[in-house]
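Then let's walk through it together, one region after another.

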Amino acid sequence: MNAAPALLGYVAGVGFLAPRLLLRSAWPHRAPTLALTVWHGLTVSFTIAIALAAHHLATPTEHLHANVIGALHYCGLATATAVPDPAVVNRLVIALPISVVLLVFGCFVFEALRGRRARSRHRKILDMVGRRSPQLCATVLDHDLPAAYCLPGHKPRVVVSSGAVRLLTPGQLEAVLEHERSHIAGRHHLALAATQAFARIFRRLPLAHHAKEQTSVLLEMIADDRALRRQSREELATALYAMAAAKAAPAGAFAVNGPSAVARMRRVLIPQRRPHVALRGTVAAAAAVVPVLPLMFACVPPIG
């Protein structure tokens with residue numbers, strides 16, 4: 001027996017059980033960067049495990065083919081000269097795992113390029129209707145509704161409406177702008193594109209759905225934490241409240257408001273105690289080990 005059963009069992013555990021355990025844990029919102037690393041580590045581990053499982057499932061093809069041919073020959077339906085082509089078998093063994101990896105990577109590239117095109121189109125519109133504010137280091141749109149978002153990636157830009165400039169105090173406005181700058185500096189669009197690509201391929205998998213959803217929430221929390229380095233909790237929380245009526249951001253952009261705004265306001269107003277150093281160390285070690293676990297299963301000596 002090869003490693004395929006063990007790898008498939010691992011795939012089931014990572015794809016179905018691990019997301020439930022993470023969602024029931026209290027620590028991820030207290031350590032969003034670490035939690036984000038764990039979610040991405042699980043998606044990478046799942047992809048590697050699926051690729052290796054495909055490899056090991058294809059490995060015994062030659063023996064299976066020989067048994068089928070033997071049965072057909074016994075029934076008089078095949079000649080004794082019908083033997084598997086080793087070259088075909090070898091190509092199948094190599095092509096299957098490579099195809100899995102290339103599919104995931106190709107989908108990530110597709111999502112990244114699609115977001116870049118959307119941001120590029122919106123940036124051209126901003127060049128026509130917006131005005132650059134050197135004081136705010138942002139593009140200001142003449143609109144009464146308070147709104148703020150950023151366009152990360154190539155030629156990044158922070159966008160704020162004139163309604164938000166009038167509504168927010170200087171401290172609140174700076175908190176909002178710092179939040180958006182954090183998305184740009186952290187290249188958060190790439191992290192989001194990775195989980196979007198994973199969810200596009202494994203759309204019915206709990207890990208894919210929750211990784212995409214939680215990545216979006218955790219990235220906002222990470223940006224909130226950076227804004228809190230320069231502004232008070234009250235200023236950021238009141239800014240989030242004031243911006244709650246803003247429209248959704250354009251495709252490929254990050255907005256300061258969103259479906260997680262209420263949970264983030266609560267998190268900002270109530271100081272979160274960081275997880276114990278032992279827990280952080282254990283989770284960080286697990287996040288580093290998880291991607292290589294499938295390789296360990298694949299290296300288990302065959303039985304029998």
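**A walk through the fold**

Let's start at phenylalanine 46: setting aside neighbours within four places in sequence, phenylalanine 46 is in contact with Val11, Val14, Gly15, Phe198, Phe202, Leu205 and Leu207. Contact here means heavy atoms within 4.5 Å. Before going on, keep in mind that this is a predicted model, where local features need pLDDT of at least 70 and side-chain atom pairs count only at pLDDT 80 or more, while totals for chains, interfaces and linings use all residues. Residues are numbered from 1 along each chain as its sequence is written, and side-chain values use heavy atoms, with hydrogens and water left out.

Phe46 also shows up in the largest nonpolar core, which has 48 residues; Trp27, Leu42, Phe46, Val160 and Leu207 touch the most other members. A nonpolar core is a set of buried Ala, Val, Leu, Ile, Met, Phe, Trp, Tyr and Cys residues joined through side-chain atoms within 4.5 Å. Buried means under 20% relative accessible area, exposed means over 50%, and partly exposed is in between (1.4 Å probe, protein chains only). There's a second, separate core of 8 residues, including Leu228, Leu236, Leu240 and Val268.

Now for the rings. Rings of Phe, Tyr and Trp (its six-membered ring) pair if their centres lie within 6.5 Å; planes under 30 degrees apart count as stacked, over 60 as edge-to-face and the rest as tilted. By that rule there are 4 aromatic pairs. How do the rings of phenylalanine 46 and phenylalanine 198 sit, stacked or edge-to-face? Their centres are 5.8 Å apart and their planes meet at 85°, so this pair is edge-to-face. The pair links distant parts of the chain, 152 residues apart: phenylalanine 46 is in helix 2 (residues 32–58) and phenylalanine 198 in helix 7 (residues 188–201). Helices (H or I, at least four residues) and strands (E, at least two) are DSSP runs, numbered from the N terminus.

Phenylalanine 198 has another ring partner, phenylalanine 202, and that pair is tilted, with 4.9 Å from centre to centre and 50° between the planes.

Staying in helix 7, you'll find histidine 189. Is histidine 189 buried or exposed? Its relative accessible area is 13%, so histidine 189 is buried. Beyond its neighbours within four places in sequence, histidine 189 is in contact with Arg119, Pro152, Gly153 and Phe254.

Two strands pair if DSSP finds at least two bridges between them. Strand 1 and strand 2 run antiparallel, joined by 3 bridges, and serine 133 stands opposite alanine 138 in strand 2. Strand 2 (residues 138–141) also pairs with strand 4 (residues 157–161), in the parallel sense over 3 bridges. On that side, threonine 139 has valine 159 of strand 4 as its bridge partner, and leucine 141 has serine 161. Both faces of strand 2 are covered: Ala138 and Val140 on one side, and Thr139 and Leu141 on the other, are all buried.

A few backbone spots deserve a stop. Most residues other than glycine have a negative phi. Lysine 155, not a glycine, has a positive phi of about 50°. Lysine 155 lies in the loop between strand 3 (148–151) and strand 4, and counts as exposed because its relative accessibility is 55%. Arginine 187 isn't a glycine either, and has a positive phi of about 50°. You'll find arginine 187 in the loop between helix 6 and helix 7, exposed at 53% relative accessible area.

Last stop: two packed helices. Helix 6 (residues 170–185) and helix 9 (residues 233–242) pack at an angle of about 80°, with axes 8 Å apart. Axes are lines fitted to C-alpha atoms, for helices over the stretch in contact, and angles run from 0 to 180 degrees between N-to-C directions. Helix 6 is therefore roughly perpendicular to helix 9. Angles of 65 to 115 degrees get that name, while under 35 counts as roughly parallel, over 145 as roughly antiparallel and the rest as oblique. Gly171, Gln172, Ala175 and Val176 of helix 6 make the contact with Glu235, Leu236, Thr238 and Ala239 of helix 9.
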